[in-house]
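The sequence and the model come next, and the text after them goes through selected residues and packing features.

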Amino acid sequence: MNRRYRKTIIAGNWKMNNTLSQTKAFAEEIKPIMPKGKWCNVVLCVPATNIQAAVRLFKDCHIAIGAETCHELDHGAYTGEITAAMIKEAGAKYVIIGHSERRQYYNETDFTVNKKVHAAIETGLIPIICVGESLEQRELGVTMELIAYQVKCALANVAPENARHVVIAYEPLWAIGTGKTATAEQAGEVCQAIRTVIRKQYGAHVARSVTIQYGGSMNAKNAEELLAQPDVDGGLIGGAALKPADFVKIIEAANQE
Ligand code: PGA
């Protein structure tokens, strides 16, 4: 983390979990235990049906709300899809784009990710752009090249004044939902490489402003070590964001001096 130059953001990704009543129960449980003096920004990315209620439910404890994906176009005959403007009007501030599960199960590519990033930015949402390598790619030794490619594609034609506000989440596929976390060194190394890619493209000022998160089995136990890396500015948290007490422990780790 480096709070002098950029925000630390702890974001939960609920995926396809929690109904409206479960969202209310989560809010009741987390409210009394949310840390008070806060350094980090806290976000919960929730299923689209819960966005509007969640904005209201989590307002008191200063948790901003995000969506988990959006469509790249602003309207049209795309049954089942939602636009960035719909998400924004529901009250969300963030949207996750290009999560590996979207890439894997819904055929999202680096090109659609770029279009969605533009849709989010034009609408005034902050995109949380996910990148990450598979185990095979790591073992082949192409992690850095792949991540650089993914970041460059995602940010293609994004103006510097917008690039400085995006969030990038480095999520190695082999660490997501597996309980197998990247070591702090591995996470720090790739997050640093991401910042270098941004620096080459946009210069030092933009590069040092961008929040780069780590995601993949981040939990109450390993958060502090991961967040101690200078280029790891927060986390994108799946499983541990479903339990208020665990999520709060990660927020506390991010709040340390
Ligand atoms: P996990 O998920 O924390 O359950 O590994 C992270 C993510 O998919 O964003």
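A residue is called buried when its relative accessible area is under 20%, exposed when that area is over 50%, and partly exposed in between, with a 1.4 Å probe and protein chains only. This is a predicted model, in which local features need pLDDT of at least 70 and side-chain atom pairs count only at pLDDT 80 or more, while totals for chains, interfaces and linings use all residues. Residues are numbered from 1 along each chain as its sequence is written, and side-chain values use heavy atoms, with hydrogens and water left out.

**Accessibility of selected residues**

With these cut-offs, Ser217 is buried at a relative accessible area of 16%, whereas Asn157 is exposed at 72%. The table sets these two beside three further residues.

| Residue | Relative accessible area | Class |
|---|---|---|
| Asn157 | 72% | exposed |
| His75 | 62% | exposed |
| Ser217 | 16% | buried |
| Asn222 | 14% | buried |
| Ser209 | 13% | buried |

**Backbone and loops**

Most residues other than glycine have a negative phi. Asn157, however, has a positive phi near 60°, and it lies in the loop between α7 and α8 (160–163); helices here are DSSP runs of H or I with at least four residues, strands are runs of E with at least two, and both are numbered from the N terminus. Ser217, which is not a glycine either, has a positive phi of about 55° and belongs to the loop between β7 (211–215) and α11 (223–227).

Asn222 is found in the loop between β7 and α11 as well. Its side chain is joined to that of Thr181 by a polar contact of 3.0 Å, a polar contact being a pair of N or O atoms within 3.5 Å of which, within protein, one must be able to donate a hydrogen and the other to accept it, and residues adjacent in sequence count only if both atoms are side-chain atoms. Leaving out residues up to four places away in sequence, Asn222 touches Thr181 and Ser217, where contact means heavy atoms within 4.5 Å.

His75 lies in the loop between β3 (63–67) and α3 (84–89), and a polar contact of 2.8 Å joins its side chain to that of Asp74. Ser209 is part of helix α10 (residues 204–209), and a polar atom of its side chain lies 2.7 Å from the backbone oxygen of His205.

A nonpolar core is a set of buried Ala, Val, Leu, Ile, Met, Phe, Trp, Tyr and Cys residues joined through side-chain atoms within 4.5 Å. The largest one has 72 residues, of which Phe58, Ile194 and Ile198 touch the most other members. Helix α9 (residues 184–202) gives the most to this core, with 7 residues. Apart from it lies another core of 12 residues, including Ile96 and Cys130.

Helix α5 (residues 110–123) and helix α7 (residues 143–154) pack at an angle of about 40° with their axes 8 Å apart, the axes being lines fitted to C-alpha atoms over the stretch in contact and the angles running from 0 to 180 degrees between N-to-C directions. The two helices, α5 and α7, are therefore oblique to each other, since angles under 35 degrees count as roughly parallel, over 145 as roughly antiparallel, 65 to 115 as roughly perpendicular and the rest as oblique. Among the residues that meet are Phe111 and Val117 in α5 and Tyr149 and Cys153 in α7.
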